[in-house]
Every structure is written in structure tokens, then in C-alpha cells.
Protein chains: 4
Amino acid sequence: MIIILKENVTDQQIDHVVQRIEALGLKAHLSRGTYRTVIGVIGDEALARSAPLEAIPGVDSVVPVLPPYKLASLEAHPQPSVINVGGVRIGGGHLAMIAGPCAVESAEGLDVVAGAVRQAGANILRGGAFKPRTSPYAFQGLGEEGLKILRDTGERYGMPVLTEVMDPRRVEMVAQYADMVQIGARNMQNFVLLTEVGQAGRPVLLKRGMSATINDLLMSAEYIVAAGNADVVLCERGVKGFDSATRNLFDVSAVPVCKTLSHLPIIVDPSHATGRPELIPACALAGVAAGADGVHIEVHHNPEEALSDGPQALLPDQYAELASQIRRLAELFGKEISPVAGELA
Amino acid sequence: MIIILKENVTDQQIDHVVQRIEALGLKAHLSRGTYRTVIGVIGDEALARSAPLEAIPGVDSVVPVLPPYKLASLEAHPQPSVINVGGVRIGGGHLAMIAGPCAVESAEGLDVVAGAVRQAGANILRGGAFKPRTSPYAFQGLGEEGLKILRDTGERYGMPVLTEVMDPRRVEMVAQYADMVQIGARNMQNFVLLTEVGQAGRPVLLKRGMSATINDLLMSAEYIVAAGNADVVLCERGVKGFDSATRNLFDVSAVPVCKTLSHLPIIVDPSHATGRPELIPACALAGVAAGADGVHIEVHHNPEEALSDGPQALLPDQYAELASQIRRLAELFGKEISPVAGELA
Amino acid sequence: MIIILKENVTDQQIDHVVQRIEALGLKAHLSRGTYRTVIGVIGDEALARSAPLEAIPGVDSVVPVLPPYKLASLEAHPQPSVINVGGVRIGGGHLAMIAGPCAVESAEGLDVVAGAVRQAGANILRGGAFKPRTSPYAFQGLGEEGLKILRDTGERYGMPVLTEVMDPRRVEMVAQYADMVQIGARNMQNFVLLTEVGQAGRPVLLKRGMSATINDLLMSAEYIVAAGNADVVLCERGVKGFDSATRNLFDVSAVPVCKTLSHLPIIVDPSHATGRPELIPACALAGVAAGADGVHIEVHHNPEEALSDGPQALLPDQYAELASQIRRLAELFGKEISPVAGELA
Amino acid sequence: MIIILKENVTDQQIDHVVQRIEALGLKAHLSRGTYRTVIGVIGDEALARSAPLEAIPGVDSVVPVLPPYKLASLEAHPQPSVINVGGVRIGGGHLAMIAGPCAVESAEGLDVVAGAVRQAGANILRGGAFKPRTSPYAFQGLGEEGLKILRDTGERYGMPVLTEVMDPRRVEMVAQYADMVQIGARNMQNFVLLTEVGQAGRPVLLKRGMSATINDLLMSAEYIVAAGNADVVLCERGVKGFDSATRNLFDVSAVPVCKTLSHLPIIVDPSHATGRPELIPACALAGVAAGADGVHIEVHHNPEEALSDGPQALLPDQYAELASQIRRLAELFGKEISPVAGELA
């Protein structure tokens with residue numbers, strides 16, 4: 001950590017800053033420049049972070065030199081992590097093909113979608129039972145009944161299942177049905193929930209919040225890993241942008257940025273990122289070309305009657321075509337779409 | 001609601017859209033323009049919102065004409081609401097002066113700050129016992145012990161107290177100690193928590209999320225009111241911006257925008273909005289001049305040893321000077337700083 | 001165009017709105033809903049746009065149904081345009097591979113870079129002679145001397161050349177040396193300059209402004225086309241974002257969005273979008289996978305001594321590897337990298 | 001300047017960095033921390049900025065300690081500048097009250113508005129003769145004829161006049177008519193134009209670009225001052241935001257931020273910032289309370305027939321009421337609205 005002092009800092013103030021640093025068990029290394037004096041803080045940067053050094057009189061700014069996360073960092077784990085979700089591998093050259101409806105609406109409907117996406121090459125089935133809806137008057141999901149349908153359907157098609165959890169009181173219950181639990185974008189900094197899923201014994205799909213920096217995303221991953229669960233998959237799903245042409249702004253650069261900082265896999269969700277079916281294929285392919293470890297797509301057999309997010313769902317046929325293109329792209333880059341259990345590799 | 005059809009829509013598609021509208025118990029009114037056909041949907045717009053009309057083939061876009069919130073809207077309640085927090089009024093010409101440290105750290109420290117801000121004219125004491133920290137390694141608050149200190153200190157100085165709640169499992173407990181509970185910016189769309197505080201029997205301070213539109217903010221308020229709690233105070237605390245000159249981007253226009261849409265009071269929090277003590281007074285005054293119903297400021301007697309957010313705290317003396325300016329501004333605009341109980345009005 | 005009236009609009013106000021519409025030579029079609037009255041405006045929407053209908057008392061908002069650009073729209077020209085830059089085709093399945101240093105610094109330096117990128121497969125050589133620098137104290141380019149070097153070097157390697165123009169007084173001069181002229185992001189809404197390049201008789205590369213919506217971008221293209229120059233290539237080069245992990249936020253979805261609205265080709269510039277060499281290959285490939293008609297990359301043989309934007313330049317070797325990957329990706333998608341003149345196709 | 005080296009930097013790379021620094025005539029001061037080595041660069045930071053140090057192998061990042069502007073900085077000129085516009089003072093406790101229509105449309109119309117705003121207390125008359133319009137098909141201004149009308153009207157009412165210049169070829173002509181020339185937001189980084197107005201001999205109103213940081217704004221001011229014109233007034237007029245509730249996002253904190261960095265006056269333009277008349281008064285008052293040196297407001301006597309930006313204009317009566325509130329606020333803060341020539345102070 002480097003501390004930049006103010007132009008008019010006094011010697012007494014400098015002494016005080018040095019004392020504060022030493023009181024933390026760290027060493028201070030002074031460097032007087034032509035215009036400004038800077039102090040290099042030597043020792044464990046985590047100790048330095050624990051104190052509000054910027055609040056000391058005479059301090060202009062504080063520049064950390066290390067990332068604030070450890071367990072999620074590439075330095076701690078230089079090889080890419082490979083996460084196993086009910087037999088399907090994500091990361092390290094293995095692509096997740098996650099597909100399914102926004103919400104589980106009925107056993108019949110989910111069966112149609114699951115059969116179609118399984119056929120097209122999806123290897124994880126998604127479906128929401130607890131839905132975070134902006135409006136209190138909108139369909140909130142089928143709850144535990146939805147989880148049962150999802151579990152049954154997944155088993156019938158040999159696909160592990162992914163579903164969102166929103167309530168720390170329900171993490172244990174959701175984990176009984178799901179092979180992977182999702183933290184939605186709006187809960188990315190719900191630290192109570194992160195800590196809870198850190199103890200749930202299931203891989204976690206952590207969606208990036210709409211105004212979260214990559215650093216914020218990795219800090220939220222750190223919460224989960226620090227709580228005991230190293231099986232975290234990151235997901236870029238669009239950040240807040242100024243152009244209403246798309247629902248969110250798909251930040252494809254998040255993929256290579258994360259690869260330079262973390263060993264955790266990262267997938268993309270072009271459905272939520274764009275909110276428009278006609279843009280999803282291009283953005284899905286962009287994500288894979290950028291190095292994403294998988295693609296998360298919402299598919300519905302009858303979008304105009306969907307109870308949630310119908311306007312952004314792909315039809316099964318559209319998904320099949322996209323999946324075929326993703327497969328070719330994966331081959332070009334020497335990647336493999338991890339087969340589902342019971343399937344010949 | 002207005003439905004704009006695609007340029008090349010077929011008559012068959014139009015018929016299908018009309019059928020879908022009528023199936024919802026609504027009427028469709030066709031208007032064929034030179035370039036496009038539009039359909040006016042007549043009847044309860046909430047019914048129209050419940051269906052994904054944009055997903056119907058031939059539909060280009062859907063334009064709602066009413067806001068999606070009801071209970072929070074000005075139309076439902078044309079007079080500004082006045083919220084009573086332990087005897088202190090907020091809204092309708094009454095200003096909240098909320099002040100205190102980011103986190104409750106000790107009884108002694110809080111006593112110093114509470115005495116100082118009470119003397120300066122603050123009428124609600126704030127202090128965090130459960131802190132949403134970006135890092136799992138940072139100080140997370142004193143928990144229930146912190147709540148007890150807050151309650152005791154508030155009573156000693158005759159000030160109602162405000163504190164944040166993050167966990168739906170602890171809403172009941174927090175509500176036993178607090179006169180007002182806060183939903184932090186990161187939890188603004190934690191719908192589970194919103195529903196829970198909607199049943200807590202305490203006024204709620206709802207902070208705007210960092211990427212929340214005003215519409216999103218009012219929808220989250222609607223969650224709380226719809227769950228049974230009409231005592232919601234909104235809080236602008238800065239949105240995500242592109243300029244690192246400030247921690248967040250203080251959106252002062254949120255104040256008049258909310259006034260045109262909702263009866264709920266709105267206050268400003270320049271401490272989190274700017275993150276820099278030297279900018280807080282100017283932004284606090286800007287908020288009051290823009291019509292805010294109160295000001296929320298973090299104050300610490302020794303910022304360089306604060307356990308949370310020290311660099312953005314005002315010193316007690318700085319707060320006193322600011323409070324005096326706010327008081328003069330309030331007088332100019334014919335507003336009153338609601339006195340605390342036991343104080344002569 | 002649709003006009004949504006206010007809830008409490010009077011009949012007199014409605015009559016006045018109708019009169020204003022009719023005075024423009026348009027027809028008004030009233031539709032009274034349960035909560036609001038809306039007016040469909042029938043006739044040439046451009047006429048309706050020319051009047052500030054939102055300013056009429058009783059009007060709540062105005063919803064256009066057509067895009068405000070015509071010549072740049074897909075409706076006006078349903079087939080993708082193919083732009084010819086000195087024999088190199090861009091659009092309609094033909095990829096531009098634009099490469100070169102940020103600034104022309106010397107004949108020797110440019111020769112090294114041009115030889116390398118030509119060898120790697122680039123088909124257009126770029127280099128700045130007039131540089132838009134944030135600081136008045138930074139290197140501003142070699143001016144006409146730089147243009148001469150660029151022209152000579154391009155001819156030596158058989159490559160058409162691209163360079164930026166900033167000053168309307170120099171458009172004619174720049175056009176004498178360049179096969180394609182560039183409008184930089186900061187000048188995307190410099191309408192004087194747009195009009196001037198619209199008369200320059202050279203294809204134009206129009207870079208998206210940092211806070212420009214796609215609609216804004218297409219309106220700026222419209223300026224150029226309306227002034228007489230239909231040879232416009234759009235360029236996504238990153239918009240303003242909130243995360244300092246990248247210099248700008250690479251909006252890869254701009255590619256498919258433009259394809260749904262306009263016939264003009266669109267290329268990507270991951271150099272400016274990310275500002276970090278290690279991220280450029282991933283974002284370049286993402287752009288091509290998303291359907292971009294070309295890739296614009298800054299290459300320098302000795303970045304640490306570059307006079308402009310050194311830190312974001314690729315080395316010639318890095319470019320060669322990337323170009324090879326782009327070529328394979330192009331083949332997968334059935335696209336062709338248009339050969340330079342004198343090269344065997 | 002501080003250079004942070006990469007974790008795995010070699011001694012050879014460090015030596016090379018030091019050599020590069022010394023070659024610039026600067027000294028390097030090495031500081032080896034527990035995890036990272038940093039180099040303090042001692043000497044003129046401008047020299048260090050001139051080289052792309054981040055591009056040197058082994059360098060992780062470069063942290064400047066000084067602002068990149070000099071002439072615009074508070075360090076160069078610790079007292080607030082007071083700019084004289086035709087006898088009206090701006091800055092140092094003197095408020096500019098700039099008002100007038102978006103565009104000059106006719107002598108009669110401007111006369112009505114000028115009379116009204118003069119009566120209400122405005123001290124500078126604004127009106128556009130060259131309009132930067134997003135659409136090539138929109139009204140582009142009356143040109144020199146508009147300038148003449150503006151000049152005549154200003155003289156009749158004893159008010160200095162402000163108008164925008166867009167074309168470097170017309171700066172001289174515009175400066176003959178105007179007491180102050182405006183650089184619009186879209187031209188804030190049109191460096192050719194900035195240099196030209198730096199030689200025009202007239203005070204300049206420099207509007208902040210929609211995606212410009214405060215640093216960018218001050219660098220553009222630096223261009224003008226470095227070209228010889230120290231009479232620059234900054235203007236906050238809203239930045240790009242994600243919420244369509246307002247046209248732009250009014251960044252009121254820009255006012256105190258600029259005050260901590262620069263001696264130049266800064267005013268606010270709530271008309272463009274919000275784009276909605278009902279929000280303008282609140283934001284104007286917020287700006288003054290935050291310490292702005294003036295307020296720029298668009299006023300039109302008949303907004304529904306305005307040729308440009310009608311929907312965001314205040315009516316003369318609305319302006320008069322606002323001006324009266326601003327006057328009271330100015331008095332409260334001990335500021336003065338500089339009287340126009342011929343008016344009793």
C-alpha cells in the first residue's frame with residue numbers, strides 16, 4: 001500500500017501517519033518527491049486495509065497494490081478451477097450449457113423445454129422457483145413445488161439442475177433439490193445470503209450485480225469461498241448502461257478481465273444482458289469467443305404465455321441453432337462441452 | 001397501455017394480439033397509422049402488465065401509460081405523507097436531521113457523538129450494528145450488543161434511533177431496539193427483506209440502490225407498503241457514476257423527481273453519495289434546497305480510528321456548522337426541523 | 001407518433017393539441033382509455049418531430065414509432081452496404097483488418113509496423129497525423145508530414161490508408177492523402193465536421209462517442225450520408241463505464257443492435273475499448289463472433305517509446321497471432337478478409 | 001508519480017525502468033515492499049507524463065500524484081477567478097444569471113424574452129444562432145442573422161450576450177457579436193475549437209461533456225487558458241445517466257469538486273441537465289446552495305412553438321419566480337447577483 005500525502009502536510013502529521021502504520025505492526029518507508037511525499041507501507045496489506053488511513057490528517061489518498069480478495073485470486077490458485085456440477089464440469093476448457101425457462105411454471109411446460117434443450121446439447125437445466133420480481137404484484141414463483149418439478153425433470157433427462165435462492169432461511173431447502181444454487185444479480189451484495197450459500201454444500205452460480213465492478217464481484221465470491229465453499233462460478237449478465245437499446249449492457253470484457261485476476265470460471269448470460277431474443281445469439285457467441293466457460297440462456301416453448309421474462313426467451317428451435325454454433329466455436333478453440341451423466345462423452 | 005406493432009405485421013398476427021388482450025378481460029382499440037399500427041389497451045393496466053405482450057409475434061414494443069406502483073404513487077395519495085419516527089416528523093415541511101457514526105463501536109464513542117449531534121440539532125441518531133461490508137474480512141458490526149448501546153444512548157439523549165437490518169431472520173429483533181429500520185442500498189431489491197420489514201411495525205428508511213432508477217426505488221417502496229407498512233422514507237445516497245472524483249454520483253434531481261411521482265418523503269445522504277468530507281456540506285445544502293425532507297450524515301469523533309467508513313465522516317464541529325446552515329436554509333424555505341421529544345418546539 | 005396526454009387534461013387542451021397536429025398537415029386519431037387519452041398522429045412522422053409537441057399543455061409524453069434517421073436505416077436499404085476502401089471491401093461478409101500505430105511518428109517506425117501487419121494479414125493501414133489529445137501539452141501529431149509518410153508507406157505495402165481528421169478546414173487536405181477518413185469518438189457529434197466529411201469524397205470511419213446511444217451514432221451517420229457521402233462504416237470503441245478495470249466499456253452488443261437497424265457496416269476497436277493489450281485479443285474475437293465487419297487494432301513495434309497510447313498497443317507478434325485467430329473465426333462464419341490490391345485473393 | 005511494478009518483475013526489468021526514468025531527466029527512488037516494489041519518480045511530473053511508462057515490461061500501473069492541468073489548477077492560482085463579461089462579474093461571490101431562449105428565432109420573440117428575463121433579474125442574455133442538433137433535418141439556427149438580433153437585443157436591454165460557437169472558421173465572426181462565447185457539451189473535447197476560442201479575446205463558457213470527468217473538463221479548460229485566454233467559466237449541465245426520468249443526470253457535486261481543484265468559476269445549467277421544466281427550479285436552487293457561481297436557464301415565451309428544445313424551456317413567469325428565490329438564496333449565502341451595466345447596484 002502506498003500513502004500519498006497532501007502538498008502542505010506538516011512533519012508532525014507525517015510522524016503521526018508513521019506511528020499509525022507502525023501501530024498496525026507495519027513498516028513505513030518515506031519517499032520525498034519534488035512535489036509530494038509518499039509513504040510505502042511494508043508488510044501485510046490486509047492489516048493496512050483494516051484501518052481508515054485516508055482519514056488521517058495530511059493524507060491525500062491511499063493506493064493499494066494488492067487485490068483485496070485472496071481465496072478468489074489467481075495468485076492463491078494459479079490454475080483455473082474446474083467446478084463439478086452433478087457430473088458436468090465447468091472451467092478449464094469445459095463449457096457449461098445452461099438452459100431452461102426463467103421460471104418453473106408447470107411440470108408439463110418444463111418437460112417440453114427440458115427435452116428440447118437436452119436434445120440441443122444443454123448440460124444443465126435451469127428454472128426459477130423463487131423469483132426476484134421488481135413488482136410485488138408479479139408472479140413470484142411456485143416455491144417448493146417448483147423445486148420438486150425441477151428436480152424430477154432434471155432426473156428424467158439426466159441433467160443437473162440450477163435454481164435461484166433469495167432467502168437465507170431457504171438455502172438448506174433449496175440445496176436439497178438443486179445441484180447448483182444461483183445468487184441473482186440483485187443479491188450479489190446480500191452478504192447474509194452469500195455467507196449462507198457458502199455453507200450449503202452446493203456449487204454456486206454468482207451473477208454480477210448491475211453496478212458491480214469486477215473487484216466487487218470477486219469480493220462477493222470471496223465471501224462464499226471464505227465461508228467454506230470453493231465451488232463458485234461467476235456470471236456476467238449485463239451491467240447498467242445508458243442506452244435503452246438493450247435491457248442491460250453486456251460487458252463481454254468481464255470475461256478476460258476475470259481470467260487475469262481469478263481462477264474461478266466465468267460464464268455469460270446474454271438473455272438478461274440484452275433482454276432481446278434477436279441479440280442473444282450474437283452475444284452468446286461473443287462470450288464464448290472471449291473465453292467464457294459457458295453460456296446461460298433462457299428458453300421457453302411459448303414465450304407469449306410465460307409468467308416471467310417471456311419477451312427475452314429463445315424458442316427451443318432458436319436455442320438448438322445457437323447451441324450448434326456454440327459447439328462449432330468451442331471446437332475451434334479446443335474446448336469441450338461437458339457431457340451430462342449417462343451420455344457418451 | 002399502448003402496443004406498437006411491427007412494420008410488417010400480418011392481419012392474422014393483429015387478430016392474435018387482440019385475442020390475447022381480450023382474454024385478459026381488456027379491450028383493444030386499433031389505430032392504423034401511415035407507417036405503423038398501434039393498439040390502445042383499454043381497462044386495468046395491471047392486468048395488461050401481467051402478460052408478456054412484447055413476446056407476441058408482430059409486437060414491436062409496449063408503452064405503459066401508468067406507473068407500475070400504486071400505493072406509493074401520488075395519484076393514490078395526493079398529499080405528502082408525514083412519517084412519525086418516535087415523535088420526530090419527516091415530510092410535509094418537517095425535516096429529519098439524522099446523524100451518527102457509520103457503526104456503533106462502543107458505548108463511550110457513541111455517547112460522544114450523540115451528545116454532539118444532539119447539541120447541533122440532529123433529531124434522529126443513527127448507528128450500524130450489522131454492517132454490509134464489501135470484504136468478508138472487514139468489521140461486520142457489534143450485532144445485538146451494538147443495538148443495545150444504540151437504544152440506551154438514544155434514550156439518554158431523547159433521540160429516536162435508526163439502524164440497518166440486513167437479515168430477514170433478524171428484522172423482529174432489530175425492530176425491538178430501533179425506532180426506524182434502514183434498508184441499505186445493496187438490499188434495495190432484496191425483496192425477501194422488503195417484505196419482512198413491511199411487517200415489522202417500524203418506519204423504514206429505504207436507500208436507493210446504486211443502479212436503481214426512481215421507478216425501481218418506488219417499486220421497492222411499493223413492496224413494503226403492500227406488505228402493510230405505509231411508513232416509508234426514501235433516501236437518495238448516490239448512484240454509480242463514471243467519475244472517481246466522488247465515491248458515487250449524488251443525484252439531487254431524485255428529490256424533485258420523487259415529489260412529482262410519490263407522496264413518500266425523501267431525504268438525502270451526502271456522506272455515502274460523495275464519500276469525501278469536504279464535499280458533504282455543499283451536497284447536503286443542495287439537497288435541502290432541492291426540497292429534501294431531511295439529511296442523513298455520518299459523524300465520528302475520531303475518523304482515523306473508525307472501524308467503518310472513517311474517511312467519509314464529518315467531525316462533530318463540522319457537523320454543527322453544517323447543521324446551523326441547514327437550519328437557516330430550512331427557515332428560508334418555510335420548513336421546520338422537527339424537534340425531538342422533551343425538547344421545546 | 002403517439003401522444004400520451006396527462007391524466008387531468010381538459011377537452012380544451014385536447015382540442016388545442018389536435019389543432020397543432022392538423023396545422024402540421026397531419027391527422028390526429030383520439031383513443032380514450034380507462035385512465036388516459038392517447039392521440040395517434042397519422043402522416044409523415046418527420047413533420048411531427050419538427051414541432052415540440054411535448055411542450056403543449058396537457059401533453060405528458062410523446063412516443064415516436066419510427067427511427068429519426070432515414071438514409072442510414074435498414075428500411076431505406078434492406079441489403080447490407082459494402083464499402084470499398086481503395087479496393088478493400090467492408091461489409092456484406094467482407095472483413096476489414098485495420099491495423100497500425102496510434103500516431104505516425106516517423107517513416108522508419110511506420111515502415112516496421114506496416115510491414116509486420118501487412119504480413120500478418122491486415123488490409124488497411126492506420127496512423128494518426130492529427131491527434132485529439134486530452135492534454136494540450138501532449139504530442140499532437142506530425143500534421144501533413146505525417147500524412148505524407150502514411151501515404152508513402154501505404155503505397156509501398158499496397159495498403160489503403162486510414163487517418164483521423166479533426167478540423168473542418170483540413171478535411172480536403174486530409175482527403176488527398178487518405179483512402180478513408182476517421183471521425184474520432186470525441187467528434188462524433190461535431191456536426192460541422194460531419195457535414196464537411198460528407199462532402200469529402202472518401203469513405204468515413206465513424207467512431208461511436210463515449211456516451212452516444214446507438215440512435216445517436218446512426219443520427220451522426222445520417223449527417224454524413226445526408227451531406228452526400230453514403231460510404232460510412234460505424235465503429236464500436238467502448239463507451240463510458242463505471243469500472244476502471246478497463247479504459248472504456250466495450251459494448252459488443254452494439255454490433256447486432258446496429259445490424260437490426262442499419263445497412264451500414266460496423267467494426268470494433270478493442271484497443272480503445274479496453275486500453276489493455278492483454279484484453280484486446282479476447283475482445284477482438286468477441287467482436288467478430290458477434291458479427292462485426294472488421295477489427296481495428298493499434299500496433300506498435302516499441303510501445304514504451306510510443307508518442308501516443310503506447311500502453312494499449314499490441315506488439316507485431318501479438319497482432320500476428322490474433323490475426324491468425326480472426327482468420328479462422330472468419331472462415332467458421334463464412335466470411336472473407338478482403339485482400340489488398342495486388343494480393344492474390 | 002509512483003510506478004507500481006508487477007509481482008514477478010525481474011531485476012533487469014527494474015533496471016530498465018530506472019534507465020527510462022533517468023533518460024527523462026528524472027530520478028527514481030526504489031521502495032521494495034513485502035509483495036511489490038514501487039518506484040517513486042522524483043522531478044517534474046509533466047516530463048514523466050510525456051512517456052508511456054505503463055508500456056514498459058514489468059510495470060503494473062502508474063499513479064500520478066499531481067493533476068495534469070496547471071493553469072486551471074488551484075495551486076497555480078489560489079484565489080477564485082472573477083470573470084468580467086461585458087461588465088457582469090462571475091465568480092468570487094458574484095453570480096451570473098444567464099437566461100434566454102435555446103435559439104434566436106426572431107427579433108420579436110427574443111425581445112419579449114429579453115425584456116422579461118431582464119426584468120426578473122437576469123444579467124446575461126443567451127440565444128443560439130448556430131445550433132448543434134442531433135438530427136440533420138432539425139432547425140440549425142439563423143446563423144449570422146441570429147447573431148445580429150442577439151447583439152441588438154442585448155444592447156437594447158443593457159445585457160451582455162452569450163452564444164455558442166461550433167465551427168473554428170466562425171469563431172472570429174461570432175466573437176464580434178458576442179460578449180461571451182459558449183463551447184457546447186458535444187464540443188468539450190473538440191480541441192481544434194478550444195484552441196481557436198483560446199485566441200478569440202472573449203470570455204468562454206465551457207460546458208461539461210456528457211461523459212467527461214471533472215479532470216477531463218479541467219483539461220479542456222487548460223487548452224483554452226494555454227492558448228492565451230484565462231477567462232473561462234465552467235458549466236455543469238448533466239452527465240449521461242441510466243435513468244430516463246431526466247434527460248441527463250445533474251451532477252451537483254461537480255460544483256464543490258471543481259472548487260477544490262480550480263480557481264475557475266462554475267455555473268449550473270439545470271435546463272439541459274433535467275430537460276423537464278418542473279424539475280428546473282429545484283435543481284437551480286440546489287446548484288446555488290452547492291456554491292455555483294451562476295445559473296443558466298432556457299426561457300421561452302411560447303415553448304410549444306419553439307424551434308429548438310421547447311419542452312425544456314421555462315415560461316417568463318416561471319423564470320421570474322425562480323430568479324426571486326435564487327436572489328434570496330444568494331443573500332443568505334452572502335453572494336451578489338452582479339448588476340448589468342446601467343443598472344443601480
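## Polar contacts between chains C and B

A polar contact is a pair of N or O atoms within 3.5 Å; within protein, one must be able to donate a hydrogen and the other to accept it, and residues adjacent in sequence count only if both atoms are side-chain atoms. In this predicted model, four residue pairs are in polar contact between chain C and chain B, both at pLDDT 80 or more.

Two salt bridges also cross the interface of chain C and chain B (side-chain nitrogen of Lys or Arg within 4 Å of a carboxyl oxygen of Asp or Glu). One of them joins the side chains of C:R36 and B:E75, at 3.6 Å from N to O.

## Extent of the interface

Chain C gives 23 residues to the contact and chain B gives 23 residues (heavy atoms within 4.5 Å). The buried area between chain C and chain B is about 1,900 Å²; this is the accessible area (1.4 Å probe) lost on being put together, summed over both parts. Carbon and sulfur atoms give 66% of the buried area.

## Conventions

Residues are numbered from 1 along each chain as its sequence is written, and chains are lettered from A and ligands numbered from 1 in the order in which they are written. Local features need pLDDT of at least 70, side-chain atom pairs count only at pLDDT 80 or more, and totals for chains, interfaces and linings use all residues, while side-chain values use heavy atoms, with hydrogens and water left out.

Methods: Buried area = accessible area lost by both parts, 1.4 Å probe.
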